[in-house]
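Please check each point against your own view of the structure.

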Amino acid sequence: MDWRSMKVTDLKEYLRLRGIGVTNMKRNELVRLCTAVEGLNLPLDPDMCTDRVTNTVAELLKSNGIDNMSSLQGFTKDLSNIPNVSLYDVFNYLLYNTSNYDRRKLKAYKSSEDYRLYFDGYVESLEMTELNSLFIFLAAIKPTQKDKTYLNTSTYDAWIVMDNAGDVKAAYCTCIGGADGGCRHIGATLYEIEGFEAKSVTDGDNLWLKRARQHDCPVPIKKLKIMKARVVKLFTSVNIVFTNSACCLDKISHTEKTDQTDKKSKSCAITRTGLH
């Protein structure tokens with residue numbers, strides 16, 4: 001193959017598919033590297049990430065009688081008919097599918113990453129549809145560290161298949177560790193489902209509403225507001241208090257000295273009067 005006639009983007013793609021990094025490489029370096037790799041007969045997708053994820057999703061959907069997630073319709077934010085999901089159901093799933101939970105950590109589950117995602121309002125949307133006796137939830141979760149995901153999307157997309165008893169049958173997320181349904185985004189979605197409170201008939205529709213964001217979120221640099229720290233004002237006020245206190249102490253000590261002087265002068269006058 002004539003590597004010198006190929007474009008730089010094609011050279012990088014050839015190496016990337018074989019699991020070789022091409023960051024900050026020039027054209028001549030890419031050509032030499034492609035020539036060397038050609039003789040090694042490296043397989044495409046050596047980590048088998050694409051095949052594994054595709055097969056995993058297909059098997060999960062097929063085991064629950066779903067041909068394709070995109071073929072499902074009727075998704076709504078009205079969660080009035082969802083099964084009764086308790087914390088026990090959430091814990092049972094997380095204990096079985098994740099390695100971040102044990103009996104000790106369950107006591108402090110509110111400090112876990114998935115619960116903080118739920119509590120801080122990173123779940124951007126939550127919808128549900130029914131298929132036979134199954135409930136399928138679709139959720140979008142905003143990343144915490146960056147404005148975009150590694151897929152260059154604004155949110156991670158997750159889906160959960162649940163039966164009418166509240167047991168999770170399958171789950172998947174588009175994040176790097178979400179193929180097995182054990183990532184923190186799935187956990188945050190489960191906490192969101194468990195935390196939904198149904199309204200009475202007179203209070204209106206049981207629509208899911210996004211929680212208010214309680215935590216800092218990344219923003220572009222042009223939107224940052226640089227403000228002067230208030231610590232300087234705090235120290236200034238403390239100094240003033242100390243200065244005033246010192247002044248008061250000086251006044252008190254001066255008054256005491258004056259009183260003592262007056263008493264001495266009066267006693268001297270009385271003594272002199274008694275002598276005369």
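1. Ala 140 stands opposite Asp 157 in strand β3, where helices (H or I, at least four residues) and strands (E, at least two) are DSSP runs numbered from the N terminus. Strand β3 covers residues 156–163 and pairs with β2 in the antiparallel sense over eight bridges; two strands are said to pair if DSSP finds at least two bridges between them.

2. Some limits apply to everything here, since this is a predicted model in which local features need pLDDT of at least 70 and side-chain atom pairs count only at pLDDT 80 or more, while totals for chains, interfaces and linings use all residues. Residues are numbered from 1 along each chain as its sequence is written, and side-chain values use heavy atoms, with hydrogens and water left out.

3. On its other pairing, β2 meets strand β1 (residues 123–131), again in the antiparallel sense and over eight bridges, and within this pairing Glu 127 has Leu 138 of β2 as its bridge partner. Seven of the eight residues of β2 (residues 134–141) are buried, so this strand is largely enclosed by the rest of the structure; buried means under 20% relative accessible area, exposed over 50%, and partly exposed in between, with a 1.4 Å probe and protein chains only.

4. Two asparagines deserve a look at their backbone angles. β1 and β2 form a hairpin with two residues between them, and Asn 132, in that loop, has a phi near 60 degrees, a positive value in a residue other than glycine. Asn 132 is exposed, at 76% relative accessible area. Asn 152, which is placed in the loop between β2 and β3, likewise has a positive phi, near 65 degrees, and is exposed, with a relative accessible area of 59%.

5. How many salt bridges does the structure hold? There are three, a salt bridge being a side-chain nitrogen of Lys or Arg within 4 Å of a carboxyl oxygen of Asp or Glu. One of them joins Glu 113 to Arg 184, with the closest N and O atoms 3.5 Å apart. Glu 113 lies in helix α6 (residues 113–119) and Arg 184 in helix α7 (residues 184–194), so the pair ties together parts that are 71 residues apart in sequence. Glu 113 is exposed at 54% relative accessible area, whereas Arg 184 counts as partly exposed at 31%.

6. In another salt bridge, Arg 116 reaches Asp 120, the closest N and O atoms being 3.3 Å apart. Arg 116 is partly exposed, at 33% relative accessibility, but Asp 120 is buried, at 4%. The side chains of Lys 169 and Asp 163 also meet in a salt bridge, at 3.7 Å from N to O; here Lys 169 is partly exposed at 47% and Asp 163 is buried at 12%.

7. Helix α4 (residues 87–97) has as its buried residues Asp 89, Val 90, Phe 91, Tyr 93 and Leu 94. Their cover includes α5 (103–106), α6, β4 (168–173) and α7, with contact taken as heavy atoms within 4.5 Å.

8. The UniProt record, an unreviewed entry, carries the annotation "domain: SWIM-type" for residues 158–194; its positions are given in the numbering used here, feature names are shortened, and annotations may be inferred rather than shown by experiment. In the model, the end C-alpha atoms of this span lie 16 Å apart, and the span is 30% helix and 32% strand.
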